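Visitor: I would like to learn how to read this model, one feature at a time. Could we begin with a helix?

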Amino acid sequence: MEDRMSRFDRQSFLGPDSESKLHGATIGLVGLGGGGSHIVQQSGHLGIGGYVVIDPDHITDTNTNRLIGGTLADIVPATAKVAIAERQIRGLVEIPRIITVRDTWHTAIDDLKRCDIIIGAVDSFIQREQLERFARRHLIPYIDIGMDVHDLGKGQYLIGGQVILSMPGKPCLRCCGLVTDERLTQEAGKYGAAGSRPQVVWSNGVLASTAVGLVTQLLTPWFKGIPGFVYLDYDGNRGTLTPNDRMGLFQNKVCSHHPPDETGDPLFDVRVFDRLRADMALAKLKASSKPAPVSERQTLWLSISKIFGRKR
Amino acid sequence: MTIHFKINRSLLETIRRDLARPHHFARERVGFLSAGLSSAADDLWILVRSYRPVAEGDYLDDPSVGAMMGPDAIRKALQWAMAEGVAIFHAHTHCGRGQPGFSGVDLREQAKFVPNFFQLAPQCPHGALVLSDTYLHGNIWLDANKPYEVITDFVQVGAPLYSWRTA
């Protein structure tokens with residue numbers, strides 16, 4: 001029975017055209033560490049076809065406790081995290097569209113503009129805020145995941161985290177209280193001295209799986225009335241993922257931090273765009289028009305000569 | 001080159017509701033949308049910001065067409081383009097389901113007034129949209145002196161995401 005099923009039969013409840021919708025979609029993934037690498041793997045299994053994967057780093061031995069797809073054999077050659085992500089995707093997706101950016105996301109904004117959804121699995125609040133602002137400017141849904149381990153003292157720890165769907169027009173990370181001026185100032189003060197933060201594979205997995213679930217809901221919903229704003233709290237000690245109070249309270253709140261008149265590039269000028277477009281079209285034309293090979297030219301010359309009765 | 005048009009689902013629903021309101025003599029309603037813009041290589045994104053309906057008193061009583069805007073309606077839209085430096089799109093609805101298309105009258109009238117927006121906001125493209133209850137269709141001018149181009153890709157941003165290409 002299983003042999004006769006296609007690869008995606010078990011997820012056919014996502015809709016009759018879900019396979020093509022998912023393959024046609026492009027996700028931007030910023031941060032390919034513990035959380036992002038899980039998302040790469042699951043998105044590949046799901047059948048998402050387009051990826052813009054961004055991370056400036058390479059794998060180190062301290063990443064191997066959680067970086068999905070990374071192996072011990074990757075440590076010595078210092079394989080880039082984007083290369084590990086690409087390897088994962090190519091192993092799971094037929095004819096994938098992958099753009100790898102081994103740099104910060106700021107160098108990949110043109111690629112990110114083409115994404116249907118952007119997912120941030122980044123460590124810092126400033127990155128979260130900037131990435132969300134970029135997504136809002138381009139009317140792209142942004143999904144944020146993050147976890148932390150808090151020292152409670154006396155050898156006790158609390159694993160916490162969050163998954164937020166920040167939809168243009170709906171509550172943002174500031175509305176959620178995740179990004180605050182205080183946190184940004186605190187983070188800026190610690191710049192360069194942050195050290196490594198505790199991270200574990202299973203918590204990242206819970207958060208990443210939830211994010212992939214949200215991506216799937218947005219692209220191929222399997223029930224009606226999916227929420228436009230999601231804020232889930234993860235408690236790794238209790239093993240629970242629960243809606244934050246603000247998720248219910250703010251469902252109809254209009255975000256005041258990212259007003260709609262901020263969409264687009266404030267310096268955009270269609271006259272410049274149109275000139276660039278014409279130059280690109282001309283360059284394309286020049287590249288595609290080559291002189292005919294000598295043999296073809298000779299044949300043509302002979303034909304013309306015959307018509308006019310001349311011999312070469 | 002691909003021209004992408006993105007609009008928030010809630011805003012689109014507001015526009016549809018507004019355009020469906022009856023007018024005391026016009027058979028259709030019209031309005032204007034403003035949009036921010038962005039590009040990458042030869043791709044262009046029209047990112048809708050807001051909507052303003054044409055005021056009740058700014059319609060002309062012309063039974064030969066569904067709705068005829070008076071000079072004040074155009075003047076207010078032109079002022080909007082100039083004051084905020086935004087792209088402006090004229091919008092009306094043909095209702096029904098499926099992909100809508102412009103009528104001959106629509107195309108004739110657009111060609112008269114859309115190029116005027118370049119006098120006040122020459123840095124932005126401008127255009128016109130026609131809605132159905134399920135889709136959008138649109139034309140865009142990148143230059144007042146060139147023919148319009150058809151907007152090819154549409155995304156309704158919300159939960160779920162809904163996108164389509166012009167047939």
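Visitor: Which residues are exposed on the other side of H1(B)?

Guide: This is a predicted model. In it, Glu13(B) and Arg17(B) are the exposed residues on that side of H1(B). The buried ones are Leu11(B), Leu12(B), Ile15(B) and Leu19(B). Viewed down the helix axis, the buried residues of H1(B) fall within an arc of 100°, so they line one face of the helix.

Visitor: What do the buried residues of H1(B) pack against?

Guide: They pack against strands of chain B, namely E1, E2, E3, E6 (87–93), E7 (126–131) and E10 (153–157).

Visitor: How does the length of helix H1 of chain B agree with its 12 residues?

Guide: Helix H1 of chain B covers residues 9–20, and at 1.5 Å a residue it should span 16 Å. Its end C-alpha atoms are 17 Å apart, which agrees.

Visitor: On to the sheet. In what order do the strands of the open sheet in chain B lie?

Guide: Strands of a sheet pair through backbone hydrogen bonds, in parallel or antiparallel fashion. The open sheet in chain B has 9 strands in the order E9-E8-E7-E6-E2-E3-E1-E10-E11, and the pairing is mixed. Strands E9 (149–150) and E11 (162–165) of chain B stand at the edges, each with a single partner strand, so one side of each has no neighbour in the sheet.

Visitor: How many bridges join E1(B) to E10(B), and do these strands run parallel or antiparallel?

Guide: There are 5 bridges between E1(B) and E10(B), and the two strands run parallel. Phe5(B), for instance, has Phe154(B) in E10(B) as its bridge partner.

Visitor: Now the contact between the chains. How many residues does each of chain A and chain B contribute?

Guide: The size of an interface is often given as the accessible area lost when the parts come together. Here there is a residue count instead: 27 from chain B and 30 from chain A. Strands E1 (3–8), E2 (30–40) and E3 (43–53) of chain B each supply at least two residues of the side that touches chain A. By class, that side of chain B has 15 nonpolar, 8 polar and 4 charged residues.

Visitor: What is the radius of gyration of chain A, against that of a compact globule of 312 residues?

Guide: Chain A has 25 Å, whereas a compact globule of 312 residues would have a value near 20 Å. Along the principal axes, the C-alpha atoms of chain A fill a box of roughly 105 × 55 × 45 Å. Of its 312 residues, 40% count as buried. Chain A has 10 helices and 8 strands.

Notes
Residues numbered from 1 in each chain as written. Chains lettered and ligands numbered in written order. Predicted model: local features only at pLDDT ≥ 70, side-chain atom pairs only at ≥ 80, totals over all residues. Contact = placed C-beta atoms within 7 Å. Helix = DSSP H or I, 4+ residues; strand = E, 2+ residues; numbered from the N terminus. Nonpolar A, V, L, I, M, F, W, Y, C, P; charged D, E, K, R; others polar. Rg over C-alpha atoms; globule rule 2.2 N^0.38 Å. Buried ≥ 20, exposed ≤ 12 C-beta atoms within 10 Å, placed from the backbone. Expected span 1.5 Å × (residues − 1). Arc of directions from axis to C-beta. Pairing = 2+ DSSP bridges.
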